[in-house]
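Please open the structure in a viewer and keep the selection panel at hand.

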Amino acid sequence: MLMIFFAFSIIISLLTFLLKHKTLTNILPKLFLSAHIAVSFWALFKINQFDSIYYKFDALSVLLSFVLSILSVTTFYHSYLYLKRHKVSVEQESNYYAALMMLITAMTSAYFAENIAVLWISVEATTLLVSILIFYEHTEEALEATWKYLFICSVGIAFAFIGILFLSMTAGNNGITSLSSSKLIAVAPLMNPLWLKITFLLVLTGFSAKMGLFPLHTVAVDAHTVAPPPISAFISTTLMNVGFLAIFRIFTIVAQTEIIHWVQNVLLIVGVLSIFMATIQLQRVNHFKRMFAFSSLEHMGIVALGLGAGGLGYYAAILHLIFHAFTKASLFYQIGQVYQFFKSYWIKDVSGYFKLNPIGGLSVLLCFVSILAVPPSGLFVSEFLIFKALFVNEHPIVAVVVLALLSVIIYTILKNILHLLFDDVPTGLKVDALKVNPYETISQFVLLSLVIYLGINPPIFFTDLINEAISVLN
Amino acid sequence: MTYLFIILYAITLIYFALSERTKKFVWLLAIQGLILFGVVFFSLNKIDIFDFIFILLETIVVKTLVVPWFLNKVRKHNQLKREHEPYVPVFYSIIVVVIILIISFMLSNYLNDSQMHTQYFTIAFTSIIFGGYFIMIHKNLFSNVVGYLIIENGIFLLSLAVGSIMPIMVNLAILLDVFMGVLILGLFINRVGDTFKSVKTEHLSKLKD
């Protein structure tokens, strides 16, 4: 099924790219989205089955694939609005959609990859494809961010590959002749702990550029800043999920061994450092998209803490990842609308949004309630569970330090958001030129409602999927 | 015979440290491609036709011919001749290569795994660390890509050192991925050169808080 989907996606993307026909550019992405949703449902019905020797529909990949399907629909919608407002040519529109469809295909391949080498190839493919979209506005800043993203991610992914080579060596010592995750998990207790430690460090460092985690988080921040808002939404959510999944696959292997506590300590350190860096950078930030990017760094740090805490933390980490994806995507879609009013992302230029666009303002307010993990946000539930896991598993100092840092982050973000919403409208702003259809905000309300609903009253199949995804860790 | 190739590879690394001309960097990369072919060809006891074609494709076609040809085009497009004032003088860079080589040798003896080929590991590790060092000491994007390719060559040697178990199709896909990466990086160097009239890294520092 996946091979058919990949072939279908490549053909559709090529047709969009080559034909550059207005009607086809409208129809083909819709066909692609339908196919992606069909794949997600197919994966749900065929859960725990192999699709080929390289792919498998496991619980985590099914969950993340559904997140990708949902966010693909909203991202295509906001991309359509973005392209319409920028009055781009059919040629530019075709290039944009073709690159976006190929990016989604590469991410789908990464989610379902059962073979670590195939996962690596898919991650590298996402880097190359997203660079086209980051550079879309062709500004000097876009060039800088694209170069940094492409180069640092390539070097990072090369280091992750070294880790995979070491993993293959120690697996080879135990008679394993493929890089299938399930086979590696089965022989993990027999592997050399030193090589596994080196593997994990290299993979964590390498894929931290994709996950937006310390130490290679800076390139993702720059990419968020310059990419079109719908693409920023993708980089900050589904693409970060790719990075998480790549690290999680190796984590599930090392979790079967005696070095698990060492690995968890590494994750706790990385988590705390990520949140610390986010706290420091947020004090200096003067650009809304950069502020959201550093907020993503903070949230990925919290996810790392969940894995590092263990037990209940595993469940909470995946919950947090999903809720963060929906909330952060809403924020980036909304900042795209804010830009239509102020023609700027700089904090000093943007204020009084509630007066200008009450529905959009309400959406911003809800987004911030959600992203700051204030009840009834689902992120409150996941963060609460992560802190519970930290206290229960005897990491009270980590919990207290992180709580202190989060207090500073909440204050900083709240200060900027109150400025955005309730300060006076800048003098000289051309109010008559402001037109954003209130219906454009529906997607944000739907995503935020999902975060609240899944947090307060999660359906059984949803919690079952998360529990199954982490069953190999417990 | 493989020892000869390993020594030759180490010499290319020292030449990288010595050189200041971008043209020489491209030549050295092409020579490394040839050496890698020699290393693989002479280290395999039995070689079937598919493996041979793959190795030929990876080392001779891609690493020795296509990538250097493409880098030369990029170099000419941006009128790059000499790498001005690297952050670290050449003399110190030579000392650094030697130190990395010694540390790699000690490390490979310390790790000494039954599955691992110690000599390959030494030179592979040296190449990877030196590639990182090369990126750090140079001030232009072209040299950064050269550093990235030195790391990639080191990883190629490392896969031999650890007796990689990846099937040929996966290897081929990885090669294509890296190849595409270099092409896209090269295209972006041209774009940076056209926009800023220079490919120095100092032009790429606008994005900050």
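This is a predicted model: local features need pLDDT of at least 70, side-chain atom pairs count only at pLDDT 80 or more; totals for chains, interfaces and linings use all residues.

Residues are numbered from 1 along each chain as its sequence is written, and chains are lettered from A and ligands numbered from 1 in the order in which they are written.

**The interface**

Select chains A and B together. Here 34 residues of chain B are in contact with 38 residues of chain A (contact: C-beta atoms, placed from the backbone, within 7 Å). On the side of chain B that touches chain A, α6 (141–161) and α7 (168–196) of chain B each supply at least two residues; helices are DSSP runs of H or I with at least four residues, numbered from the N terminus. With 12 residues, α7(B) gives the most to this side. By class, this side of chain B has 20 nonpolar, 8 polar and 6 charged residues (nonpolar: Ala, Val, Leu, Ile, Met, Phe, Trp, Tyr, Cys and Pro; charged: Asp, Glu, Lys and Arg; polar: the others, Gly among them).

**A helix pair in chain B**

Next, select residues 2–18 and 22–43 of chain B, which are helices α1 and α2. Their axes lie 9 Å apart and the helices pack at an angle of about 165 degrees (axes are lines fitted to C-alpha atoms over the stretch in contact, and angles run from 0 to 180 degrees between N-to-C directions). α1(B) and α2(B) are therefore roughly antiparallel, a label for angles over 145 degrees. Among the residues that meet are B:Phe5, B:Leu8 and B:Phe16 in α1(B), and B:Leu28, B:Ile35 and B:Phe42 in α2(B). This contact has 11 nonpolar, 5 polar and no charged residues.

**The core**

Now select A:Leu103, A:Ile134, A:Ile247, A:Ile318 and A:Ile386, the residues with the most contacts inside the largest nonpolar core, which has 238 residues. Such a core is a set of buried Ala, Val, Leu, Ile, Met, Phe, Trp, Tyr and Cys residues joined through C-beta atoms within 7 Å, where buried requires 20 or more other C-beta atoms within 10 Å of a residue's own. Helix α6 (residues 140–172) of chain A contributes the largest share of this core, 21 residues. Around A:Ile386, the residues touched include A:Ile302, A:Leu305 and A:His320.

**A helix pair in chain A**

Finally, select α14 (residues 312–342) and α20 (residues 460–470) of chain A, whose axes come within 9 Å and cross at roughly 125 degrees. A:Tyr314, A:Tyr315, A:Ile318 and A:Leu319 in α14(A) meet A:Ile466, A:Asn467, A:Ala469 and A:Ile470 in α20(A).

Definitions and conventions. Two residues are in contact if their C-beta atoms, placed from the backbone, lie within 7 Å. Angles under 35 degrees count as roughly parallel, over 145 as roughly antiparallel, 65 to 115 as roughly perpendicular and the rest as oblique. A residue is buried if 20 or more other C-beta atoms lie within 10 Å of its own, exposed if 12 or fewer, and partly exposed in between; C-beta atoms are placed from the backbone. Lists of a residue's contacts leave out its neighbours within four places in sequence.
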